[in-house]
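Subject: Structure handover

Hello,

Here is the structure we talked about. Please open it first, then read the notes below.

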Amino acid sequence: MIARKFRLRILITFMVIAAFGIGKALPVYGQTNAADLISKAQTDGSVRVVVRLNVAAQPVPMLTAAAAQAQEQSIRQAQTALLGTLSGYDVNSVTTFQLFPYMTLTVDPAGLQALLSSPQVSAVSEEKQLTLFMENSIALTGANEAWKLGYDGTGQAVAIIDSGVDRNHWFLAGR
């Protein structure tokens with residue numbers, strides 16, 4: 001029973017992550033108030049942000065091979081175009097994603113203003129380290145509500161996708 005409950009939590013968590021990762025109208029995780037973000041950039045001289053590009057995207061498994069390739073090209077073009085508009089600003093540590101219309105980068109206050117006002121961008125949020133606690137996961141995922149409805153994971157399959165570690169990621173520098 002515990003294994004089934006754990007699998008259900010993993011499944012629910014995966015669905016939430018997938019929805020936030022690819023949802024067209026959903027906010028970037030940890031959506032940050034623009035005024036707070038600008039203040040942080042001015043105080044610190046720069047800020048690390050997650051940028052949601054204004055590009056329509058669907059989960060790759062829902063697309064034909066040709067449509068998936070076209071979507072990847074559209075995302076790549078949007079990333080390149082946005083970086084071109086930021087060329088006059090202090091922008092570094094850029095990470096682009098092949099399958100998702102997101103980027104992460106460190107930007108100065110003026111570059112942040114450009115991002116926030118760009119029609120190429122649908123959302124900007126501060127990139128933060130998130131700490132997950134298993135004792136809070138039931139409430140965070142709403143698993144208890146699923147259990148009340150009789151769902152226990154029976155007949156469900158769980159896939160765990162481990163994409164590995166990006167040893168060049170800024171967070172792992174010097175570690």
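One cut-off before the findings: a residue is called buried under 20% relative accessible area, exposed over 50%, and partly exposed in between. Please also keep in mind that this is a predicted model.

**Overview**

The protein has 6 helices and 4 strands. From the N terminus on, their order is α-α-β-α-β-β-α-β-α-α. Of the 175 residues, 30% are buried. The accessible surface is about 11200 Å², and 58% of it belongs to carbon and sulfur atoms. Take the contacts between residues at least 6 apart in sequence: 70% of them join residues at least 24 apart.

**Salt bridges**

The count is 4 salt bridges. Start with Lys40 and Glu126. Their side chains meet at 3.6 Å, N to O. Lys40 lies in helix α2 (residues 34-44) and Glu126 in strand β4 (residues 121-126), so this pair ties together parts that are 86 residues apart in sequence. How accessible are the two partners, Lys40 and Glu126? Lys40 has a relative accessible area of 31%, so it falls in the partly exposed class. Glu126 comes to 14%, so it is buried. The pair also belongs to a network of salt bridges, in which Lys40, Asp44 and Glu126 are linked.

Next come Glu127 and Arg48. Their salt bridge is 3.1 Å, N to O. Glu127 sits in the loop between β4 and α5 (134-141), and Arg48 in strand β1 (residues 47-53), so the pair ties together parts that are 79 residues apart in sequence.

A local case involves Glu145 and Lys148, which meet at 3.4 Å, N to O. Both lie in helix α6 (residues 143-148). They are 3 residues apart, about one turn of the helix. Glu145 is partly exposed, with a relative accessible area of 44%. Lys148 reaches 64% and counts as exposed.

**The strands**

Look at β3 (residues 102-107). How many of its residues are buried? The count is 6 of the 6, so the strand is largely enclosed by the rest of the structure. In a regular strand the side chains alternate between the two faces of the sheet. Here Tyr102, Thr104 and Thr106 point one way from β3. Met103, Leu105 and Val107 point the other way.

Which strands pair with β3? One is β1: the two run antiparallel, joined by 6 bridges. The other is strand β2 (residues 91-96), again in the antiparallel sense, over 4 bridges. A hairpin of 5 residues joins β2 to β3.

**The nonpolar core**

The largest nonpolar core has 20 residues. Which of them touch the most other members? They are Val49, Leu82, Leu112 and Leu115. The elements that give two or more residues to this core are α2, β1, α3 (65-85), β3, α4 (109-117) and β4. The largest share, 4 residues, comes from β1.

Leu82 is worth a click. Leaving out residues up to four places away in sequence, Leu82 touches Val51, Leu53, Met103, Leu115, Ser118, Gln120 and Val121. Met103 in that list is one of the buried residues of β3.

**Surface patch**

Phe97, Leu99 and Phe100 form a nonpolar patch on the surface. Together they have about 230 Å² of accessible area. Phe97 is placed in the loop between β2 and β3. At 33% relative accessibility, Phe97 counts as partly exposed.

**One backbone angle to check**

Most residues other than glycine have a negative phi. Ser93 has a positive phi of about 50°, although it is not a glycine. Ser93 lies in strand β2. Its relative accessible area is 38%, so Ser93 is partly exposed.

Best wishes

Notes: Residues numbered from 1 in each chain as written. Predicted model: local features only at pLDDT ≥ 70, side-chain atom pairs only at ≥ 80, totals over all residues. Heavy atoms only, no water. Buried < 20%, exposed > 50% of the residue type's maximum accessible area, 1.4 Å probe, protein only. Pairing = 2+ DSSP bridges. Core = buried A, V, L, I, M, F, W, Y, C linked by side-chain atoms within 4.5 Å. Contact = heavy atoms within 4.5 Å. Patch = residues over 30% accessible without salt bridge, like charges linked within 9 Å, V, L, I, M, F, W, Y side chains within 5 Å. Areas by Shrake-Rupley, 256 points an atom, 1.4 Å probe, with all protein chains shown as cover.
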